[in-house]
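Reader: I'm new to this one and would like to learn how to read it. Could you walk me through a few features?

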Amino acid sequence: GFKCGIVGLPNVGKSTLFNALTKTAAAQAANYPFCTIEPNVGDVAVPEPRLKTLAEIAGSKEILPARMQFVDIAGLVKGASKGEGLGNQFLANIREVDAVVYVLRCFDDDDVTHVANKIDPIADFETVETELMLADLESLEKRRVNLEKKAKGQDKEAKALIVLVDKALEELREGHPARNAEVADDDKKAWAGLQLLTSKPVLFVANVDEGSAASGNDYSKHVEECAKKEGAAAVVISAKIESELAQLSDEEQAEYLETIGLSEPGLNRLISTGFDLLGLQTYFTAGPKEARAWTVKRGATAPQAAGVIHTDFEKGFIRAETIAFDDYVALKGEQGAKEAGKMRLEGKEYIVKDGDVMHFRFNT
Ligand code: GDP
């Protein structure tokens, strides 16, 4: 599965946000209950309004949304890269995620201490990112020594990797995250293999006070500007409100949202933004048993998409009967789409589009 790591300084609202996320997930998919994989890993449903429409047309008994994981990564303090706080243990947790969500405190509250005694979300972001950059710098410098030895032995792979390591080091030594480096498509895999903390895509969560959930505040405006500069996305959320929303029924939620001027829970925006950030898109399968959303990387081929369901589907792939979501709806389902000539037979080279309703034919 795809994972987003929630990071930030202590007392910025990470746990509050994480708990809201996991509660909401349970509510969204009663037949796929929220499961605690580890205490700090939450498996959440990706909000997908098209699924309900599909299920109605196909007469599906069950609705199964796509899933995504959030990891609450506690223990980051200034000095973490030097082993302060939970130090290295916490840094190892970040290595395993596909994207990093920076939770930034954008609320005043004298009862909640701030580690630096000042509310300044941009300074907080810099503190955290500096620790991640220092950790990357240190691990790359160590790595380079080993690669250097191998490269002397004419190891071609080691030589190629040194070029990438140097690319990252150049950014880091200038005080920039590794994600700023330009990496050729052919090198992307090896680059990801370096498992750098600062090469992952980032998302900012501006955690605002309850009164600013809809409008944002001055702090969150700064966060949005900072995100723009970093080429990152920003989501304004009040974790407090989200944790209250997560405990309400759908009806009560709708009422509460209206009174505070929101059209949907902030968590939905967070999950969807995270989904986009990971370069993911959705395709569907629909039948009397279930309507289900599946997740593939943008640019995935039909056999790769089939492989998400089962590796045998990919290995024995013959073709994919494919209907665009809009056609499926307009023509009231598979039969109608077929009759109107809107069901396409797609082969191995087909690049899956967001919203495709697919049925795979394969050899066993
Ligand atoms: P973490 O250390 O980053 O996981 O932070 P927590 O989620 O434990 O939150 C620390 C404290 O801040 C708790 O007492 C929360 O209730 C409080 N808190 C979190 N979000 C908000 C918010 O939006 N407004 C206010 N006033 N307090 C909040």
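This is a predicted model: local features need pLDDT of at least 70, side-chain atom pairs count only at pLDDT 80 or more; totals for chains, interfaces and linings use all residues.

Reader: Where does K332 lie?

Author: K332 sits in the loop between α13 (325-330) and α14 (334-339). Its backbone deserves a look too: phi of K332 is near 55 degrees, a positive value in a residue other than glycine.

Reader: What is phi of N11 near, and which loop holds N11?

Author: Phi of N11 is near 65 degrees, again positive in a residue other than glycine. You'll find N11 in the loop between β1 (3-7) and α1. N11 has 13 other C-beta atoms within 10 Å, so it is partly exposed.

Reader: Is K14 buried or exposed?

Author: Here you count neighbours again, and 20 or more makes a residue buried. K14 has 25 other C-beta atoms within 10 Å, so it is buried. K14 belongs to helix α1. Leaving aside neighbours within four places in sequence, K14 touches I6, G8, D72, A74 and V103. Y102 is 88 residues away from K14 along the chain, yet their C-alpha atoms are separated by 9.1 Å.

Reader: How many residues surround the ligand, and which are the closest?

Author: 16 residues surround the ligand, and the closest are G13, K14, S15, T16 and K240. The biggest giver is α1, with three residues. Sorted by class, the shell has five nonpolar, seven polar and four charged residues.

Reader: How are two packed helices described?

Author: By the angle between their axes and the distance between the axes. Take helix α4 (residues 121-152) and helix α5 (residues 156-173): they pack at about 155 degrees, with their axes 9 Å apart. That makes α4 and α5 roughly antiparallel to each other, because an angle over 145 degrees counts that way. Their crossing is left-handed. Among the residues making the contact are M133, L137, L140 and L147 of α4, and L161, I162, V165 and L169 of α5.

Reader: How do the residues of the contact of α4 with α5 divide by class?

Author: There are 12 nonpolar, no polar and five charged residues in the contact of α4 with α5.

Reader: At what angle do α4 and helix α7 pack?

Author: The angle of α4 with helix α7 (residues 218-230) is about 45 degrees, and the axes are 9 Å apart. Therefore α4 and α7 are oblique to each other. Contact is made by P121, I122 and F125 of α4 with Y219, H222, V223 and C226 of α7. By class, this contact of α4 with α7 has six nonpolar, one polar and no charged residues.

Reader: One last residue, then. Which helix holds V329, and what is V329 in contact with, leaving aside its neighbours within four places in sequence?

Author: V329 is in helix α13. With those neighbours left aside, V329 is in contact with T53 and I57. V329 is partly exposed, with 19 other C-beta atoms within 10 Å. Compare its position with that of E141: V329 and E141 are 188 residues apart in sequence and 55 Å apart in space, C-alpha to C-alpha.

How values were computed: Residues are numbered from 1 along each chain as its sequence is written. Axes are lines fitted to C-alpha atoms, for helices over the stretch in contact, and angles run from 0 to 180 degrees between N-to-C directions. Helices (H or I, at least four residues) and strands (E, at least two) are DSSP runs, numbered from the N terminus. Angles under 35 degrees count as roughly parallel, over 145 as roughly antiparallel, 65 to 115 as roughly perpendicular and the rest as oblique. A crossing is left-handed if the near helix is turned anticlockwise from the far one by less than a right angle, and right-handed if clockwise. Two residues are in contact if their C-beta atoms, placed from the backbone, lie within 7 Å. Ala, Val, Leu, Ile, Met, Phe, Trp, Tyr, Cys and Pro count as nonpolar, Asp, Glu, Lys and Arg as charged, and the others, Gly among them, as polar. A residue is near a molecule or strand if its C-beta atom, placed from the backbone, lies within 6 Å of it. A residue is buried if 20 or more other C-beta atoms lie within 10 Å of its own, exposed if 12 or fewer, and partly exposed in between; C-beta atoms are placed from the backbone.
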